Amino acid sequence: MEEKKSSLMREIRGPLLSETASPSHKIVAALFDLAVMILASIILLLPALVVFIHALAEPSAWRTFSVFLSMFASGAVIAIVVIAYFLFLPYVSHGQTLGLRFFRMRLVNEEGKNVSFKSLLVRSMTSFLLFIFTCGLYAVMEFFIIICSDSHRSFIDVLSGTYTIDID
C-alpha cells in the first residue's frame, strides 16, 4: 500500500522528487555562483573603470565617448561570460557549475541523465533575460519559489525540464 502511494506521488510530482537536493543547498549554491559572477564582473570592469577615472581627470568629448564605448563593451563581455558560465560549464562538467560542484549537486534531466544542451540553453537564456529585465527581482522570487513549492523546483527548472540532485 505504502509503495503504491509512493509511486503515485512520484508520478504526480515528478520522477526525481525523492532525490532532489534540499532547498537550502540549492539557494546556497546559487548564491555561491552569484558571488563568482560578481567577482568575474568586477575583474572585467576594471579596464572600463580606468578609462572612466582618466576621463574624470582630463575631461573631453572624446574621452566621454570612450567611457561610453568601454562600458558598453565591458557589459557585453560580462553578459557573454555569464551566459557561458551557466551554459557551457554545466554542459562540459556533467551538469555542474562551480557552486553546484562545491556543494556536491548537479543538474539532470527528467530521466536522471545528463542534461541536454537545449535544456541548458533555455535555462541560461531565460534566467539571464528575466534577471536583466526585472533588475534582479527575479532571483529573489526564485528563492521563494524554491522554498515554498512542493517539489522545491524553480521556475527555470520546470521550464527547462531539469532537476537539481545531490551526488554522493
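Which helices each supply at least two residues of the lining of the largest pocket? The points below take this up, starting with the pocket itself.

1. This is a predicted model. Its largest pocket holds about 920 Å³ of space. The lining counts 32 residues, and A30, D33, F86, S127 and Y138 are the closest to the pocket centre.

2. Five helices answer the opening question: helix 2 (23–57), helix 3, helix 5, helix 6 (137–148) and helix 7 (155–160). Helix 2 gives the largest share of the lining, with nine residues.

3. By class, the pocket lining splits into 21 nonpolar, six polar and five charged residues.

4. Two of the lining helices, helix 3 and helix 5, also pack against each other. Such a pair is described by the angle between the axes and the distance between them. For helix 3 (residues 61–92) and helix 5 (residues 117–133), the axes come within 9 Å and cross at roughly 150°. Angles over 145 degrees count as roughly antiparallel, so helix 3 and helix 5 are roughly antiparallel to each other. Their crossing is right-handed.

5. On the helix 3 side, the contact uses A79, V82, I83, F86, L87, F88, P90 and Y91. Helix 5 meets them with F117, L120, L121, S124, M125 and F128. This contact has 13 nonpolar residues, one polar residue and no charged residues.

6. One residue links the two topics. F86 belongs to the helix 3 contact with helix 5, and F86 is also among the residues closest to the centre of the largest pocket.

Conventions: Residues are numbered from 1 along each chain as its sequence is written. This is a predicted model: local features need pLDDT of at least 70, side-chain atom pairs count only at pLDDT 80 or more; totals for chains, interfaces and linings use all residues. Side-chain values use heavy atoms; hydrogens and water are left out. Axes are lines fitted to C-alpha atoms, for helices over the stretch in contact, and angles run from 0 to 180 degrees between N-to-C directions. Helices (H or I, at least four residues) and strands (E, at least two) are DSSP runs, numbered from the N terminus. Angles under 35 degrees count as roughly parallel, over 145 as roughly antiparallel, 65 to 115 as roughly perpendicular and the rest as oblique. A crossing is left-handed if the near helix is turned anticlockwise from the far one by less than a right angle, and right-handed if clockwise. Contact means heavy atoms within 4.5 Å. Ala, Val, Leu, Ile, Met, Phe, Trp, Tyr, Cys and Pro count as nonpolar, Asp, Glu, Lys and Arg as charged, and the others, Gly among them, as polar. On a 1 Å grid over the protein atoms alone, a cavity is a set of points where a 1.4 Å probe fits but cannot get out, and a pocket is an open set with protein on both sides within 12 Å along at least five of seven lines; lining residues have an atom within 4 Å of a point. Grid points are joined across faces, edges and corners, and a volume is the space filled by probe spheres set on the points.
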